[in-house]
Amino acid sequence: MPFQHTVTVRFHEVDRAGITFFGRVFEYCHETFEEVLKASDDSLEACFDEEGWSMPLVHAEADYRRPMRMGERLSVRLTVERVGKRSMTFAYTVAGPDGEERARVKLVHAFIRLSDFGPHPVPERVLRALAGAGVALPADD
């Protein structure tokens with residue numbers, strides 16, 4: 001099941017053509033990611049400091065289907081596409097108020113130790129938190 005969050009396209013987010021500047025879609029997705037962390041039963045924000053790991057973005061891609069215009073309320077749906085040994089792939093679909101798809105985004109986060117920026121296994125705590133927020137995890141290969 002995807003996690004869903006609604007964002008509004010603001011005046012300062014549009015370009016001269018009156019459509020959302022392309023980079024904003026990544027901000028909308030990251031905002032949705034932050035909201036899924038807040039919705040979980042666990043305080044993942046605290047674990048970054050307490051447990052000494054982080055999850056930096058290592059890959060980002062987006063396909064744009066239709067313009068996103070000022071004032072529109074966009075629905076951003078987050079799903080977990082892949083769980084690797086040391087990374088996770090999140091897939092986002094952005095839809096307009098008419099339900100039409102506006103963009104598809106894929107963001108890959110690696111897990112690292114903060115002490116030396118070396119690889120860290122995906123923490124079970126993250127998987128539990130996502131499940132606690134109602135996000136379905138993909139079946140194991």
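**Close-up views of a predicted model**

**View 1. Arg113 and Asp116 are joined by a salt bridge.**

**Close-up views of a predicted model**

View 1. A salt bridge here is a side-chain nitrogen of Lys or Arg within 4 Å of a carboxyl oxygen of Asp or Glu. Asp116 is partly exposed at 46% relative accessibility, and Arg113 is partly exposed at 31%. Buried stands for under 20% relative accessible area, exposed for over 50% and partly exposed for values in between (1.4 Å probe, protein chains only). The model is predicted: local features need pLDDT of at least 70 and side-chain atom pairs count only at pLDDT 80 or more, while totals for chains, interfaces and linings use all residues. Residues are numbered from 1 along each chain as its sequence is written, and side-chain values use heavy atoms, with hydrogens and water left out.

**View 2. Phe117 has a positive phi, near 60°, although Phe117 is not a glycine.** Phe117 is found in the loop between β7 (112-113) and α3 (124-132). Helices (H or I, at least four residues) and strands (E, at least two) are DSSP runs, numbered from the N terminus. With a relative accessible area of 62%, Phe117 is exposed.

**View 3. Glu51 and Arg125 form a salt bridge, their closest N and O atoms lying 2.4 Å apart.** Glu51 belongs to helix α2 (residues 44-51) and Arg125 to helix α3, so the pair ties together parts that are 74 residues apart in sequence. Glu51 is partly exposed, at 38% relative accessibility, whereas Arg125 is buried, at 18%.

**View 4. Further salt bridges involve Asp98 and Arg102, and a network links Arg65, Glu101 and Arg104.** The N to O distance between Asp98 and Arg102 is 3.2 Å. Arg102 is buried, at 5% relative accessibility. The whole structure holds 10 salt bridges.

**View 5. Phe21 and Phe22 are among the members of three aromatic pairs found in the whole structure.** Rings of Phe, Tyr and Trp (its six-membered ring) pair if their centres lie within 6.5 Å; planes under 30 degrees apart count as stacked, over 60 as edge-to-face and the rest as tilted. The ring centres of Phe21 and Phe22 are 4.6 Å apart and the planes meet at 50°, so this pair is tilted. Phe21 is partly exposed, at 42% relative accessible area, and Phe22 is exposed, at 52%.

**View 6. Phe33 and Phe90 form an edge-to-face aromatic pair.** The centres are 5.3 Å apart, with 70° between the planes. Phe33 lies in helix α1 (residues 24-39) and Phe90 in strand β5 (residues 87-95), so the pair ties together parts that are 57 residues apart in sequence. Phe33 is buried at 6% relative accessibility, and Phe90 is buried at 1%.

**View 7. Met88, Phe90 and Tyr92 touch the most other members of the largest nonpolar core, which has 31 residues.** A nonpolar core is a set of buried Ala, Val, Leu, Ile, Met, Phe, Trp, Tyr and Cys residues joined through side-chain atoms within 4.5 Å. At least two residues of this core come from each of β1 (3-8), α1, β4 (73-83), β5, β6 (101-110) and α3. With six residues, α1 gives the most. Leaving aside residues up to four places away in sequence, the contacts of Phe90 (heavy atoms within 4.5 Å) include Phe33, Met55, Leu78, Val105 and Leu130.
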